Amino acid sequence: MVLKKKFRVSGGNLNFEEQKFQVERELCGDVLQMMGRAGRPQFDDSAVAVIYVQDSKKTFYKKFLYEPFPVESSLLPVLPNHVNAEISAGTIDSKQGIVEYLSGTYLYRRLFANPNYYGLDEDSEESMLKFISQIVDGSVSELLESECIHVDSENDVIGPTAFGRIASVYYLQHETIRFLVKTLHSGCTVEQMLKALTDVPEYAEIPVRHNEDLINTELQKKLRIRFSTSVMGTSACKAHLLFQAHFMRTLLPTDYRTDLKSVLDQCIRILQAMREMARLKNWLSATMNIVLLQQMCHSARWHDDHPLLCLPHLTYEDARSLGDHLTIPQLQNLLEIEKSTSSEDVKLQKRAFKMFRECTRLDETQMKEVLKALCHWPIVNVRTMQFVDSEGGILDLEEEREVKVQAGDVYKLRIVMERVGPAKNNSQMHLPQWPKPKQAGWIIIVGREFNDQILNTTTVVGSHSTRSTAKLDIRIPAAKGKHSLSVYILSDCYLGIDQEYTLRLDVS
C-alpha cells in the first residue's frame, strides 16, 4: 500500500546488492519516487520532503535535486564484448582501431565531461590518454585470455578466432566462452552439460529474491539432482533447479514461472554455441549430448524418461502399459498414421481408441488430444543417400552394401529427406511446454564412433516443402581397408525420433 503524507522523511538511501554482497551508491530514482509520495492529492497545495544523509553526501544531493542529472555511459564494464563483436565483423583489426572505435562512443564524451565518475583522479590530457590506453590493453588481455582473438605483435594486427566468432554470432559474453573452453570435454554427459549450461555468466542475472533460498531447498526435494544448501541462494543453482522442474513438469510459483521463461529464452543460443565449440573440437559424443539436452529443453522431459511421456495426458503407468520401450515412431507405425490424412480419419480413430481403451485410463477427449499430437509429430523418411565424387559421379549408399571409395578423397554426401503422414505440409512443431512457436529442424551429423570423431555436420530448417536436401563434404579416411561411418539425423526439438544409419566403405 502506498501512503501519501504532507510531510515525508527519508533516510538511509543506500541499496544492498545481494549478488555482490555489498552496499552500492544511492539509487537516485528511488529517492525521487520517495519524494513524490509527499503530498496528498485533493487535500494539500504543497508538501515537504526531508532527506537525511551523511554530511559527505550533502553536496551530491543538492546538485542532484537542483541541477539536471547527467546520464553516464555503461559501456566500460562490457567493452571487451563490444570490441570482440567489432573484431569478428572486421571493423577493428588493431589497438589503434579500438581507440578510434572508442572515440565515437558516448563513453568517450562523458570521460572528458565527468572523469571522476570513471575513476580518473585528474582530467589532464596525459591522464586521459593513459586511461584510454589502459582500457584498450585491458580489453585485449581479457579477450586473449578468453581465446576470442589472436594478436600478431610484429605487425600489430588483431584477428578473431573461431571462439570469438561464436561469441559474436550468439551474443555471448567473452567470459562465457572462457568458461566453456575450460569446462567442456569430449566425455561430458548430459548432466554435466546441464551443469555447464546453468553456470554460464548469462544466468548470473537470474534474480534470487528474499527467502527464495528456502523455496529452492524445498523445490529440490522433488527433483532428480540436488545441491548443498549453501548454494541455494545463487543464480546458477536456481537456474539448474528451474531446468529440472521444466524437465519434470513440476508446478511452480508465479515468480518462478516468469524466471523459467527467461531461462528458456536464453538456453537455445547458448546450447547452439556449445554445439559449435564441440564441433570445432570434433567431439562426437559431446555434440550428441548437447543436441539431446536441446531436445530436453523443447520437449520438457528427461532424456531417459519413457518416450511416450512427451505425449499429452499420458501417465507413466499408461506409457508402460502401451509398451515398456515403445517409442512415438513405433506407436505411429502400429496405428498406421503414415497412411492417414488427419486425426479425424474414422479408421485411424477406431484403431487408436481401441488401443487406448485397452491400455490406458484416458477419457475420449484426452484420447483425441493424444491422437492429434501423434498426427502432428513429424514422420521423416530418407529417400536417397548418395556420395558424389569430384567428377560428378554418383554412388548410391545402402546400409547393407559396401561402397568402394578412394582413400583421402573428398566426397559430397547428399541426403534427401521427405516428410510423410498427416503433418507432411506443416513444419510447425507441437511443443506445448515451450514458450515460443518452433519450426521443424534437423541436425545431421556424420562421424566415426570408434574414435569419437565428427567428420562434418549441418542443419536442415523446416520449410513448407515436403522434401529437404542436406549436403555435406566428407573426407574419406587415408587408411585403406574396411571402414564404417555413422550418419545421425537428429531432431532439434523432439526426443525419441532420431535416426541412425551406418555406411560401409571399402577404401582403396
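Strands β9 and β15 (residues 499-507) pair in the parallel sense over 4 bridges, where two strands count as paired if DSSP finds at least two bridges between them. Helices (H or I, at least four residues) and strands (E, at least two) are DSSP runs, numbered from the N terminus. Within this pairing, Val-405 stands opposite Val-507 in β15. The model is a predicted one, in which local features need pLDDT of at least 70 and side-chain atom pairs count only at pLDDT 80 or more, while totals for chains, interfaces and linings use all residues. Residues are numbered from 1 along each chain as its sequence is written, and side-chain values use heavy atoms, with hydrogens and water left out.

The two strands belong to an open sheet of 5 strands with mixed pairing, in the order β9-β15-β14-β11-β12. Its edges are β9 (402-405) and β12 (453-461), each of which pairs on one side only. From one strand to the next, the twist averages 25°; axes are lines fitted to C-alpha atoms, for helices over the stretch in contact, and angles run from 0 to 180 degrees between N-to-C directions.

Two helices lie across this sheet. Helix α12 (residues 254-280) lies across β11 (441-448) and β12, running at about 145° to β12, with contact meaning heavy atoms within 4.5 Å. Helix α13 (residues 284-299) lies across β11, β12 and β14 (481-491), and runs at about 15° to β14.

The discussion now turns to aromatic rings. A pair of such rings is described by the distance of the centres and the angle of the planes. Rings of Phe, Tyr and Trp (its six-membered ring) pair if their centres lie within 6.5 Å; planes under 30 degrees apart count as stacked, over 60 as edge-to-face and the rest as tilted. A search of the whole structure finds 7 aromatic pairs. In one of them, the rings of Phe-243 and Phe-247 have centres 6.2 Å apart and planes at 35°, so the pair is tilted. These residues are separated by about one helical turn because they are 4 residues apart in helix α11 (residues 235-248). Phe-247 has a relative accessible area of 0% and is therefore buried, the term meaning under 20%, against over 50% for exposed and partly exposed in between (1.4 Å probe, protein chains only).

Phe-247 also forms an edge-to-face pair with Trp-302, at 5.2 Å centre to centre and 70° between the planes. This pair links distant parts of the chain, 55 residues apart, since Trp-302 is in the loop between α13 and α14 (316-322). Ring pairs join Tyr-203, Phe-243, Phe-247 and Trp-302 into a cluster.
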